[in-house]
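Have a look at the model, then read on.

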Amino acid sequence: MKSDLGFFLGLFAALGVSYAGIVLASNAQLGSLAPFYDDNNDSTYPKMSLGVSVRGQLVYRDLGCAACHTQQVRRPSFGSDQARGWGDRQSVARDYIYQPYPQLGLHRIGPDLTNVGDRKPNALDADAFYRLLYAGSWGMPSYRFLFKARRIGLEAQPSDDALNLTGALEPEAGWEVVPTQRARDLVGYLVNLRTTYDYPEAFPVTAAKPEGAAPGAPAPKKVHRPAPPGAGGPAAADASGPMPAGAGAPTPAPTGAGGAR
Amino acid sequence: MNGEWTPNDSASRGPLLLLLAFGILWLVVSAGLGIIASFQLHEPEFLSEYAILTYGRVSALCETAFVYGWLANAGLALALWVLGRLSGEPLRAQNWAVAGTLLWNASVAAALVGVASGDATGFEFLGLPSYVQLVMFFSYGAIAVAGLLAWSGRIRRVSFASHWYAVAALFVFPWILSVVHVMLFAAPARGVLQAIVAGWFARSAWALWLAPLSLCAAYYVVPKATGRVLPAYGYAAPGFWCLILVGGLAGGRHLVGGPVPAWIPSVAAVSCVLLLFNAFVVALNLRCAFSSKAVELRFISVGIGAYVLSAVADSLTTFRAVAERTQFTHADEAQGQVALYGAASMILFGGIYHALPLITGKAWYSARLVVAHLVLAVSGIILLVGSLCLSAFVQSRGLLDPHVQFSEIFQHARPWLLMATLARAVLLLGSTVFLANFVLTACGISEAYRPASLGPPSTLEAPGP
């Protein structure tokens, strides 16, 4: 370290390496990731976030939900994510391009929430989310401050949104519990957490079985599953039914991202 | 200039004591918040009726107070002290340092209020709402001015390992903070890029800012306190450049298997393994701390041990086979505690125990309280990391088996989380003892204690050959 200037320049160059290596390189690769255009149903994926989703994500972020819940499904051979029914495929970068504040999370003190609005067979609906937030569960606190108790009577009609509470949680006669706007935003966000469209990059090349595979019939290298016809809209996705298993016949569904440009 | 008090020390007393006082105060605050967060892990309903105290917010508050309150203030105090001593002149630009310190701590307080009232960012290591980041940038710069003037105006033109680590830390933090402010807040990056940039920041803040701040103190205090030339000092420079060059490249180590290009966690794995060289060099250079009886070197030797352990743990957990088991469990928290408490804080404790008698010109108020702090801090951190590792083991087994429900994992991990809360209580007690001893010493009541290292003056001029 003979000269101070040399030291400073060395320091700056060394910092530049990690900045260019991680930040700039990943930005170059992912910064202009385009939505995927599907010829079959003339639509692009992912869909833009709904207004309620954007507001709800702010609530999710400021309450620190990501301290316990992740939103990323890993591939089948890595952990039990898909065996737990958290998603039919791994999460890919394209899933998050329209989210203002992606909440990937670092801890799983509670379950993953990637596809929580579209899990089969036991997806939670809005009422179930409200009850869960109000009552808490094993290991999860209740969030009563997201709700308010209201007197009902001659002056105030019962609300359509009042929580259907039973047992110890049931409010006194003449009272009801309703969600605040923040709770509505949060639940609106959670029920719309769906990754229903299968991008080609979500099914990376799978290794052929080393033994037992018939010599004449090599295992398919890339398995594309047909996208459900109405995967985008919340209402349509519910009707799309169970998806075919991954080993189904490879279809000439979307190939390459060329159509997206 | 060998362990003995010099007039230059008392000339820079004001700003250094101010930084240390704020730092130790934040340490106690963060230890208290840590108990709340830890308690909520096994009693989820604890304080759940208060929106400002959800688990997510309290853990962010605890981390912010610890990193930006305690580690930053204490690390800067020691860095300025070391740079000032090595310059051979009284610290210059002290007004800048004082103004910067007041502004910095006001913005830490504003950040805590902001997170509690709903401006949490949700990023690891970056619980700072965007509006305090600019203030922190400038106030850090103001504090750094004093250190940089001491560096550039030093009488003897040679530089030592303490210099390199201190100057690197002074430059790096404003640099990475400004990058992350632009890429996450001013013009947010798209999608998962935010997670990548935040990971890069968290890793750089540890490897390029907090670790150098504490290593600067270790590289200065160990040769001073032992009176010996550092062995294998020729490797110190390659060790330093290894840390600076590849430290930030491990930014993607949490993203193994995540929705990012696979090269990002792969680069992280390579970089974590390369960093083992730096940990090896640090242990090689500072190994004489282990054989010393001086109490500040006891702290520092624990810190060096934890630094090596944290480097080994980092490199192991970036491998896919290990990450599959440790990812998303309390193992991550345990690793963080080994690095931030076990390594950085322990070294800073040792540095402060060495420096404060020289800064104030008075011995520590109570030698017993120093030993009590040592016992409480070491037992607390071992208990905390041990219990977090055991709960991570339980969690990992449960998470890998798709038939195990989260309620079962919670029940099985609960006893260990209870133990972690106990460990947090021990750490809070230790921090309170430290604060009490610091306040009593700074007020200057007793002459009872004198660090062993202040005994025989040695002939060593400066650390290193």
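**Where the chains meet**

Chain A puts 68 residues into the contact and chain B puts in 78, with contact meaning heavy atoms within 4.5 Å. This is a predicted model, where local features need pLDDT of at least 70, side-chain atom pairs count only at pLDDT 80 or more, and totals for chains, interfaces and linings use all residues. Residues are numbered from 1 along each chain as its sequence is written, chains are lettered from A and ligands numbered from 1 in the order written, and side-chain values use heavy atoms, leaving out hydrogens and water.

The rule finds three salt bridges across the interface of chain A and chain B (a Lys or Arg side-chain nitrogen within 4 Å of an Asp or Glu carboxyl oxygen). Asp4(A) and Arg157(B) meet in a salt bridge, at 3.0 Å from N to O.

**Rings**

Now for the aromatics: over all chains, the count is 47 aromatic pairs. Rings of Phe, Tyr and Trp (its six-membered ring) pair if their centres lie within 6.5 Å; planes under 30 degrees apart are stacked, over 60 edge-to-face, the rest tilted. Tyr45(A) and Tyr197(A) are stacked, 3.9 Å centre to centre with 5° between the planes. Tyr45(A) is buried at 5% relative accessible area, and Tyr197(A) is buried at 3% (buried is under 20%, exposed over 50%, partly exposed in between, with a 1.4 Å probe and protein chains only).

Tyr60(A) and Tyr189(A) pair edge-to-face, 5.5 Å centre to centre and 70° between the planes. Tyr60(A) is buried at 1%, and Tyr189(A) is buried at 4%.
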